[in-house]
Amino acid sequence: MAANQSPQLGYNHNIPHRGRLYHVQTEDSGIQKAHIFTHVFYDGTIISTNKVDYRDRLESENLDAVIVAAMQDSHKSMIRQLRSGSFDERIVKYIGAHPEASNKPEVPAPVVQEKAPAKRPDRRPPPEPREVVPQGPPLAAGEPGPTLDPTLGHVVFTAPEAQAQVAASAAGQGPPRPSRGPSRVGRRPIGGIGGQGVTAGTPIAQRRDVIVGKFASEHQHKLDDEILALLAED
């Protein structure tokens, strides 16, 4: 293992606990010292510290993966201890009483309002009877009544514009159907940091490499998801 190997990049998260926001930081000292520190801070005051020594694992084939796993384990362990109340006595002693009794927000009981019985709408009075106006000669038994072809006098059918449109359609000269538009929609590139473009079809992992860097792409986003799940367990 090279003696000048750079330390692994650390982790930093702000974790809520009983009304305050605490900072959890994990850092690697490098293989020359071969230990990992995780601190829990509040406003510059160290609440707790955890040290992990990995000298006995320096001969591992994939030392980088071993160090990253140890850092994440220490980081998550300190967050669990903070959220479970392991540091509460020390916090009260050095900082003061917690603003909130627990990490679970108080949900007020729903206010049930009694609904007034629905008022039945008033019925409209029946209309006054009226005389029927005769529309034609009275019908006689066995004789058909008068009929009327609506095309003879209706304005929709007799208008010159309507007749011209019917004639044009019959001759195949009607107005063309509206276009459906282009069959494909162009996709513009999405710009990334450093001028490197990312197209819409680029895999998510590759986009993250461009935006936040390779280390964060491989490790940080997985740890973020695990910590969010850990906070949701409460």
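**Exercise 1.** Find the residue whose side chain makes a polar contact with the side chain of Gln8, then work out whether Gln8 is buried or exposed.

*Solution.* Start with the contact: in this predicted model, the side chains of Gln8 and Asp64 make a polar contact at 2.9 Å. Next, place Gln8 in the chain: it's in the segment before β1. Finally, check the accessibility. Buried means under 20% relative accessible area, and Gln8 comes in at 14%, so Gln8 counts as buried.

**Exercise 2.** Work out which residues touch the most other members of the largest nonpolar core, and which elements supply the core.

*Solution.* The largest nonpolar core has 24 residues, and the ones touching the most other members are Ile36, Val40, Ile67, Leu82 and Phe87. Now go through the elements. Four strands each supply at least two residues of this core: β1 (11–17), β2 (20–28), β3 (35–42) and β4 (45–53). The top contributor is α1, with eight residues.

Now zoom in on Phe87. Skip its neighbours within four places in sequence, and Phe87 is in contact with Val40, Ile47, Ser48, Met78, Gln81 and Leu82. Two names on that contact list, Val40 and Leu82, also turn up among the core residues that touch the most other members.

**Exercise 3.** Classify the ring pair formed by Tyr22 and Tyr42, and say which strands the pair ties together.

*Solution.* A pair of aromatic rings is described by the distance of the centres and the angle of the planes. Here the count comes to one aromatic pair. Its members are Tyr22 and Tyr42, with ring centres 5.2 Å apart and planes at 50°. Planes under 30 degrees apart would be stacked and over 60 edge-to-face, so this pair is tilted.

Next, locate the partners: Tyr22 is in strand β2 and Tyr42 in strand β3, so the pair ties together parts 20 residues apart in sequence. As for accessibility, Tyr22 is buried at 0%, while Tyr42, at 25%, is partly exposed.

**Exercise 4.** Start at the face of Tyr42, find the residue that lies over it, and follow that residue to Gly96.

*Solution.* Over the face of Tyr42 you'll find Arg20, 5.5 Å from the ring centre. From Arg20, step to Gly96: leaving out residues up to four places away in sequence, Gly96 touches Arg20 and Ile91. Where does Gly96 lie? Look in the loop between α2 (88–94) and α3 (155–158). To finish, check its accessibility: with a relative accessible area of 17%, Gly96 is buried.

Note on methods:
Residues numbered from 1 in each chain as written. Predicted model: local features only at pLDDT ≥ 70, side-chain atom pairs only at ≥ 80, totals over all residues. Heavy atoms only, no water. Core = buried A, V, L, I, M, F, W, Y, C linked by side-chain atoms within 4.5 Å. Buried < 20%, exposed > 50% of the residue type's maximum accessible area, 1.4 Å probe, protein only. Contact = heavy atoms within 4.5 Å. Polar contact = N/O pair within 3.5 Å; in protein donor to acceptor, adjacent residues only side chain to side chain. Phe/Tyr/Trp six-rings, centres within 6.5 Å; stacked < 30°, edge-to-face > 60°. Lys NZ or Arg CZ within 6 Å of the ring centre and 35° of its normal.
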